[in-house]
Amino acid sequence: MDFQQIFGAEPTTQATAPGRVNLLGEHTDYNEGFVLPTAIPQSTTVQLGFSSDDQHHFYSQELDEKVSLARTGPTPQGFASYVFGCIQMVSAEQPVPPLNVYVTSSVPIGSGLSSSAALEVATFRGLRALLELKLDDVQIAQLAQQAEIQYAGVECGIMDQMASSLADLGQLLFLDTRTLERQVLPLPPETEILVIDSGVPRKLAASGYNQRRAECEAAARQLGVSALRDVSDPQAAESLPEPLRRRARHVITEDNRVLEAVRGVSAQRFGELMNASHASLRDDYEVSVSALDTLVEMLQTTSDVFGARLTGAGFGGACVALVRAGQALAVGQAVLERYNRQGYAGRLLVPEAH
Ligand code: ADP
Ligand code: MG
């Protein structure tokens, strides 16, 4: 069912934004640290038009769900909270007429490739076009993050929205999440990216994430800094009680790995940094699960793979690997066959298998 069939009218405008995969710098953004994501080929498109009554109407093709709601709230649940949140962020500045919003996406939902940020950024881009808003891409990312925090109730950092709003395919976006200073960098020479979904849904991700955030805040307080980003020597963490010691050690070493990678390292060294990141996420940050460990180890021990790690918040979801150029599809298919023989339902996400 297209826009016309759902709403009985034609859309006025449409906008698209990509998902993202993070190569290095996991769980560092809410510690004001460094991240290194890139855009993925999958994207979300939002079509917008003016509604003929006084309500907003949202439809998601993926969920086949239509929601109608009053413009003044209350905030709806589920996917509508993201769209409504974006509209409300704009309404704080100027009146927004009742809208029809049609969402369609190829970004896997809930795999750690940031379908939520793609939805928000596409919605803001659509609102910018429809209402002629004076917003640049950084402002869109900031508003999108606030929409997710205030309306979807997810205490996210800024990485996902900055990546969806500013990252390009095939290039790395090095971002300082405190200052929002950024730099576009090439992938290591002769490499490409492989992303595989473990097939294990993220469980306890929200509670685990909030707990890690609180632990990091406690660690920063005890170290006398405003955020763990201000600590660069992993030795500093040794004075902390467990589990704060391990949590802080992950964040400090992860920031250091990003900073080393962006100084321009070989594909092999970049891969080693990704492997070290996974070990740190597994052992110190404790956000991996056995399916992710299995998949990552299979990738790490396959030839033409420089390195691999879980990507996104963890607790399930996807893995990313850096692979010799031209080999990602073959490596992905071979590893998936072995992985799925163990009873998993993994699937190839990037490159897209046609
Ligand atoms: P992700 O890692 O994919 O961002 P999140 O849990 O942060 O996972 O966001 C997923 C949520 O975003 C979904 O549960 C849904 O509410 C919303 N969402 C994302 N993409 C879509 C879509 N195409 N249609 C409807 N809702 C979507
Ligand atoms: Mg998300």
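1. Ligand shell. Ligand 1 has 19 residues around it, and those that come nearest are Ser-60, Gly-110, Ser-115, Ser-116 and Arg-202. Bear in mind that this is a predicted model. By class, the shell around ligand 1 splits into 8 nonpolar, 9 polar and 2 charged residues.

2. Polar contacts. Which side chains place an N or O atom by the ligand? Glu-62 does, with a side-chain N or O atom 3.0 Å from a nitrogen atom of ligand 1. Ser-115 does too: an N or O atom of its side chain is 2.6 Å from an oxygen atom of ligand 1. Arg-202 puts a polar side-chain atom 2.8 Å from an oxygen atom of ligand 1. Each of these pairs is within the 3.5 Å cut-off for a polar contact.

3. Burial. Ligand 1 taken alone exposes 560 Å². The protein buries 83% of that area.

4. Elements around the ligand. Which of them gives the most? H3 does, with 3 residues.

5. The pocket. Ligand 1 sits in the largest pocket. The volume of this pocket is about 890 Å³. Its lining counts 39 residues. Nearest the centre of the pocket lie Tyr-82, Ser-116, Glu-148, Val-154 and Arg-202. Ser-116 and Arg-202 are also listed among the residues that come nearest to ligand 1.

6. Pocket lining. H2, S6 and H3 each give two or more residues to the lining of the largest pocket, and so do helix H5 (159-166) and helix H6 (205-223). H6 supplies the largest share, 4 residues. For the ligand shell, by contrast, H3 gives the most.

7. Cis peptide bonds. Please look at two places in the backbone. The bond from Glu-242 to Pro-243 is cis, with omega near 0 degrees. Pro-243 is in the loop between H6 and helix H7 (244-261). Val-350 and Pro-351 are also joined by a cis peptide bond, with omega about 0 degrees. Pro-351 belongs to the segment after strand S12 (347-350).

8. Positive phi. Glu-32 is not a glycine, yet its phi is positive, at about 65 degrees. Where does Glu-32 lie? The residue is in the loop between strand S1 (13-22) and strand S2 (34-35).

Methods: Residues numbered from 1 in each chain as written. Chains lettered and ligands numbered in written order. Predicted model: local features only at pLDDT ≥ 70, side-chain atom pairs only at ≥ 80, totals over all residues. Heavy atoms only, no water. Near = heavy atom within 4 Å. Polar contact = N/O pair within 3.5 Å; in protein donor to acceptor, adjacent residues only side chain to side chain. Areas by Shrake-Rupley, 256 points an atom, 1.4 Å probe, with all protein chains shown as cover. 1 Å grid on protein atoms, 1.4 Å probe; cavity = no way out; pocket = protein on both sides within 12 Å on 5 of 7 lines; lining within 4 Å. Sits in = over half its atoms within 2 Å of the grid points. Nonpolar A, V, L, I, M, F, W, Y, C, P; charged D, E, K, R; others polar. Points joined across faces, edges and corners; volume = space filled by probe spheres on them.
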